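Subject: Structure handover

Hello,

Here is the structure you are taking over. My notes on it follow below.

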Amino acid sequence: MKLFLKKSKKQWKTTVWMCIFSLMVACLGFTACQRNPTCYQRIDTAMGTVVKETVYVEKGGEDITAQIRQQIVTLEDQFLSRRKDSAEIYQINSHAGEVQGTAVSEPLWEILQKLLEVSERSGGAFDFTIGETVRLWDIDSYAAKEKEEVVLPSLDQIAESLANTGYEKLQFQNGRINLPKGMQLDLGAAGKGIACDAVLTFLRNQPHVAGAIISVGGSILTYGKKPDGTLWKVGIVDPQNPSDYIGGLRLEGQWCVSTSGDYERYVEVKGKRYHHIIDPDSGYPADAGLLSVTILTRDGMLSDALSTACFVLGYEESLELLQSFGAHGLFVDKQGNVMLTPGMEMYYVPR
Ligand code: AMP
Ligand code: MG
């Protein structure tokens, strides 16, 4: 105190200037933080769908959007594709009916066990052994305009494909899987969500990433924070007018949102819409009175698999299933009514 009071006029001047200088440095630092993180955006394709990325990277970080896309491509090429011979699912399918079965890697084993659980708990509404019936309808080819003339499958063909379908017919033993002859696995109903999980694992290992929102087709991952402190906004497509939105979810931190809808991939014959989500009971496109289902959970694979299961089950039948998984749901029925599970209400904002 004594020393402080004893300062000369010159010393006083220096002290004041130092204070002003320190304040200026502090303000500059704050402004620099405000300008950061840098935002990187990318729109691309992977897994046969559109991948949109927005990533906020802290100071000193690099544009990692290409690496994120690569995670998805690798997942598809190594594990999930039923079209590329490099993928395990392709290999498993091509060995259907063989006694020795096919060896399954640890990551895919884990995925298949979790999907088996969703199949069981949804009473088979979600069934990833539905590949042969999906191939029969081939809605993807019509939707992609790869096929012009529409030929719908016959009742006999559908019955035959269903005879070879059913998750309960799968055999898992000693790290190998056995598919009965004629069965084909199709992970299309969970693949985009699995991709979100892979991206999440990647992002968690990137110390410079402050926040990100990544959409892989109908599945969207939110992660971390937006630099301006506002919530993530995930639009819910209006199934009656897919270029518009009925509203959106306001989310904080890490979530996964998946939507299944009859407007996503379909073909129309004589005014009737045949879409890509098959009811494993009938072998026909699911018709449970819904146009779309959106599921909100922390886990990507679960949100994606559940969105398909609930679309097949319908609103009432889905409620217990969603509750048992702690997942939230938003349903749009054929009249355009929007129904929310109680847990979804705090996140949804209508337009
Ligand atoms: P999503 O758009 O997530 O509902 O997934 C639909 C895709 O999953 C279809 O294109 C098929 O490849 C496959 N799929 C169709 N119906 C089912 C079903 N009931 N269970 C599991 N996968 C299905
Ligand atoms: Mg799905």
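What is the volume of the second largest pocket? The volume is about 420 Å³, taken as the space filled by probe spheres set on grid points joined across faces, edges and corners. A pocket here is an open set of points on a 1 Å grid over the protein atoms alone, where a 1.4 Å probe fits, with protein on both sides within 12 Å along at least five of seven lines; lining residues have an atom within 4 Å of a point.

This is a predicted model: local features need pLDDT of at least 70, side-chain atom pairs count only at pLDDT 80 or more, and totals for chains, interfaces and linings use all residues. Residues are numbered from 1 along each chain as its sequence is written, chains are lettered from A and ligands numbered from 1 in the order written, and side-chain values use heavy atoms, with hydrogens and water left out.

Back to the pocket. Its lining has 18 residues, and Ile111, Ile194, Asp197, Ala198 and Thr201 lie nearest the centre. Helices H3 (65-80), H5 (106-121) and H9 (191-204) each supply at least two lining residues, and H9 gives the most, six. Helices are DSSP runs of H or I, at least four residues, numbered from the N terminus. By class, the lining has eight nonpolar, four polar and six charged residues; Ala, Val, Leu, Ile, Met, Phe, Trp, Tyr, Cys and Pro count as nonpolar, Asp, Glu, Lys and Arg as charged, and the others, Gly among them, as polar.

Next, the cores. A nonpolar core is a set of buried Ala, Val, Leu, Ile, Met, Phe, Trp, Tyr and Cys residues joined through side-chain atoms within 4.5 Å; buried means under 20% relative accessible area (1.4 Å probe, protein chains only). The largest core has 67 residues, and Phe128 and Leu306 are among those touching the most other members. Helix H10 (residues 300-313) provides the largest share of this core, eight residues. Apart from it lies another core of 17 residues, including Trp255 and Tyr348.

Finally, the cysteines. There are zero disulfides in the structure, a disulfide being a pair of cysteine sulfur atoms within 2.5 Å. For Cys196, the nearest cysteine sulfur is that of Cys256, 4.0 Å away. Cys196 is buried, with a relative accessible area of 1%. For Cys310, the nearest cysteine sulfur is also that of Cys256, 14 Å away. Cys310 is buried, at 0%.

Regards

Notes: Buried means under 20% relative accessible area, exposed over 50%, partly exposed in between (1.4 Å probe, protein chains only).
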